[in-house]
Amino acid sequence: MTFVVLLLALLAERFILDQYQWRQTGWFERYLNTLVSHQYGAWISSRYWGALIILTPLLLVVGMVQGTIDGLAGDAFSFLFAVAVLLYCFGPEDLDTQTADFINAQERGEEENAKLFAQALCQCEPADSAAERVRQVREAVIVQSNQRIFAVILWFLVLGPLGAVLYRFSRQLMRSQQNTEDLPAFNHGIQRLIFILDWLPARAAAFA
């Protein structure tokens with residue numbers, strides 16, 4: 001069943017759905033804001049292991065849903081739940097679209113647009129040289145494909161829907177906190193968690 005889940009999710013990711021529109025994580029941002037505004041929020045967000053506390057309720061919900069629907073209708077509900085979770089956890093942005101936008105702008109000589117698209121992919125300041133910018137994007141596509149697709153698949157294979165959710169929202173949490181410099185212990189804890197989660201997928205992708 002796992003192979004079929006992966007196949008359907010990848011086909012839907014590539015050909016069927018406009019994924020980014022329904023992968024919005026505004027609800028997660030609202031959850032973070034509510035948690036931080038709680039009387040214990042400052043205490044949680046100042047701890048090295050605060051990320052695990054923040055992610056635990058979400059993982060419990062996924063685990064409870066999975067446990068509740070297991071075996072129902074001959075595992076049909078579990079199958080659909082796994083496809084939906086995996087598809088939601090890809091991305092969130094569409095790597096193919098972003099890469100095509102960069103290539104088209106580069107080929108048309110639209111320097112400013114090419115730099116903007118390169119910056120979104122590389123998550124850094126793009127080079128002024130067109131050749132160097134292409135090299136940056138080429139490397140970024142490999143990194144981003146691991147973060148957006150391959151690592152999600154690997155953790156799905158290891159832990160099922162729980163693994164996909166753990167990886168995706170660990171990254172989302174780091175993205176939400178990347179500009180927060182007054183919480184060094186919390187940010188270091190998130191970075192350490194991401195390092196652990198990325199260690200195996202990155203090496204498997206490099207080996208492949």
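These are my notebook entries on a predicted model, taken in the order I looked things up.

**Confidence**

I began with the pLDDT values. The protein averages 84, and 94% of the residues score at least 70. Helix 2 (residues 19–22) has the lowest mean among the elements, 65, while helix 5 (residues 50–69) has the highest, 91.

**Helix 5**

I went to helix 5 next. From its first C-alpha to its last, this helix of 20 residues reaches 30 Å, which is close to the 28 Å expected at 1.5 Å a residue. I found a kink of about 35° at Thr56, shortly before the proline Pro57. The buried residues of helix 5 are Gly50, Ala51, Ile54, Leu55, Leu58, Val62, Gln66 and Ile69. I then looked up what covers them; the cover includes helix 3, helix 4 (41–44), helix 6, helix 10 and helix 11. Just after helix 5, Gly71 has a positive phi of about 90°.

**Nonpolar cores**

I looked for the largest nonpolar core and found that it holds 41 residues, of which Leu86 and Leu173 touch the most other members. Two or more residues each come from helix 1 (2–16), helix 3, helix 5, helix 6, helix 9, helix 10 and helix 11 (184–207). Helix 6 gives the most to this core, nine residues. I listed the contacts of Leu86, leaving aside its neighbours within four places in sequence: Val5, Leu6, Ala9, Val152, Phe156 and Ala164. There is also a second, separate core of nine residues, with Leu95, Phe102, Ala105 and Val137 among them. As background, nonpolar side chains in soluble globular proteins tend to be buried together.

**Aromatic pairs**

I counted ring pairs and got five. The pair of Trp27 and Phe169 is tilted, at 5.3 Å centre to centre and 55° between the planes. This pair links distant parts of the chain, as Trp27 is in helix 3 (residues 26–37) and Phe169 in helix 10, 142 residues apart. Trp27 has a relative accessible area of 35%, so I put it down as partly exposed. Phe169 has 2%, so I put it down as buried.

Phe169 also pairs with Tyr88, and this pair is stacked: 6.2 Å centre to centre, 25° between the planes. Because Tyr88 lies in helix 6 (residues 76–89) and Phe169 in helix 10, the pair ties together parts that are 81 residues apart in sequence. Tyr88 is buried, with a relative accessible area of 17%. Ring pairs join Trp27, Phe28, Tyr31, Tyr88 and Phe169 into a cluster.

**Arg171**

Staying in helix 10 (residues 161–177), I checked Arg171. Is this arginine buried or exposed? Arg171 counts as buried because its relative accessibility is 13%, and the cut-off for buried is under 20%. Apart from its neighbours within four places in sequence, Arg171 is in contact with Gln147, Ile194 and Asp198.

**Gln123**

My last entry is on a backbone angle. Gln123, a residue other than glycine, has a positive phi, near 55°. I noted this because most residues other than glycine have a negative phi. Where is Gln123? Gln123 sits in the loop between helix 8 (111–122) and helix 9 (130–159). At 55% relative accessibility, Gln123 counts as exposed.

Technical notes. Residues numbered from 1 in each chain as written. Predicted model: local features only at pLDDT ≥ 70, side-chain atom pairs only at ≥ 80, totals over all residues. Heavy atoms only, no water. Helix = DSSP H or I, 4+ residues; strand = E, 2+ residues; numbered from the N terminus. Buried < 20%, exposed > 50% of the residue type's maximum accessible area, 1.4 Å probe, protein only. Contact = heavy atoms within 4.5 Å. Phe/Tyr/Trp six-rings, centres within 6.5 Å; stacked < 30°, edge-to-face > 60°. pLDDT = per-residue confidence, 0-100. Core = buried A, V, L, I, M, F, W, Y, C linked by side-chain atoms within 4.5 Å. Expected span 1.5 Å × (residues − 1). Bend = angle between axes of the 7 residues up to and from the residue.
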